[in-house]
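We will take a short walk through the chain, one selection at a time.

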Amino acid sequence: MIATTSEDVDACCKATAWLGGEVAISGDAHIFHHNQNPKYIAYCFQTESFAKQKKKYASGVKVVRVNSENLEKIIIPIPPLAEQERIVSILDRFEALTTDLQSGLPAEIAARRKQYEYYREKLLTFKRKTA
């Protein structure tokens, strides 16, 4: 599924790999039927090469769109399915690692902050010993 309308060129032509189930789309989206690995195609839509090509075909100011005729002119590399699978596997691992870092780092920072506060309080709390 490709969102062909947006408020800016960068957000236009965002693609999602539909892996099955029911779905509804608006008139500002297109279904791209193919026999390729859907995740591979979605990853291709995130490349700099794709972005450069779509900018040539984008029109509009407040609402930017790429019509279906121009969308068909954009070229994406299509290696054999086995190579697509290999590429998707690598990119999925990188994506999982990035996501883990994004969710893991804030939690780790928060834990270190609490640890710092704990030791700061221990170090800066001076209790008098009473005889």
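Which pattern does the chain follow when read along the sequence? The pattern is β-β-β-β-α-α-β-α-α, with four helices and five strands in the chain. Helices (H or I, at least four residues) and strands (E, at least two) are DSSP runs, numbered from the N terminus.

A word on the ground rules: this is a predicted model, where local features need pLDDT of at least 70 and side-chain atom pairs count only at pLDDT 80 or more, while totals for chains, interfaces and linings use all residues. Residues are numbered from 1 along each chain as its sequence is written, and side-chain values use heavy atoms, with hydrogens and water left out.

**The whole chain.** Zoom out to view the C-alpha trace, which spans about 90 × 40 × 30 Å along its principal axes. The chain has a radius of gyration of 24 Å, whereas a compact globule of 131 residues would have one near 14 Å (taken over C-alpha atoms; the globule rule is 2.2 Å times the number of residues to the power 0.38). Buried residues (under 20% relative accessible area, 1.4 Å probe, protein chains only) make up 20% of the 131 residues.

**The core.** Now select C13, F45, F50, L71 and I76. Those residues have the most contacts inside the largest nonpolar core, which has 15 residues. Such a core is a set of buried Ala, Val, Leu, Ile, Met, Phe, Trp, Tyr and Cys residues joined through side-chain atoms within 4.5 Å. Helix α1 gives the most to this core, with four residues. Centre on C13: beyond residues up to four places away in sequence, C13 touches I2, A3, T4, F45, F50, K54, V66 and L71 (contact means heavy atoms within 4.5 Å).

**Helix α2.** Next, pick Q53 in helix α2 (residues 48–57). Is Q53 buried or exposed? Q53 is buried, with a relative accessible area of 13%. Leaving aside neighbours within four places in sequence, Q53 is in contact with K73, I74 and I75.

**The largest pocket.** The largest pocket holds about 250 Å³ of space. Among the 14 residues that line this pocket, M1, T16, W18, F32 and H34 are the closest to its centre. (On a 1 Å grid over the protein atoms alone, a pocket is an open set of points where a 1.4 Å probe fits, with protein on both sides within 12 Å along at least five of seven lines; lining residues have an atom within 4 Å of a point.) Select helix α1 (residues 38–44) again: it gives the most to the lining, with three residues.

Technical notes:
Buried means under 20% relative accessible area, exposed over 50%, partly exposed in between (1.4 Å probe, protein chains only). Grid points are joined across faces, edges and corners, and a volume is the space filled by probe spheres set on the points.
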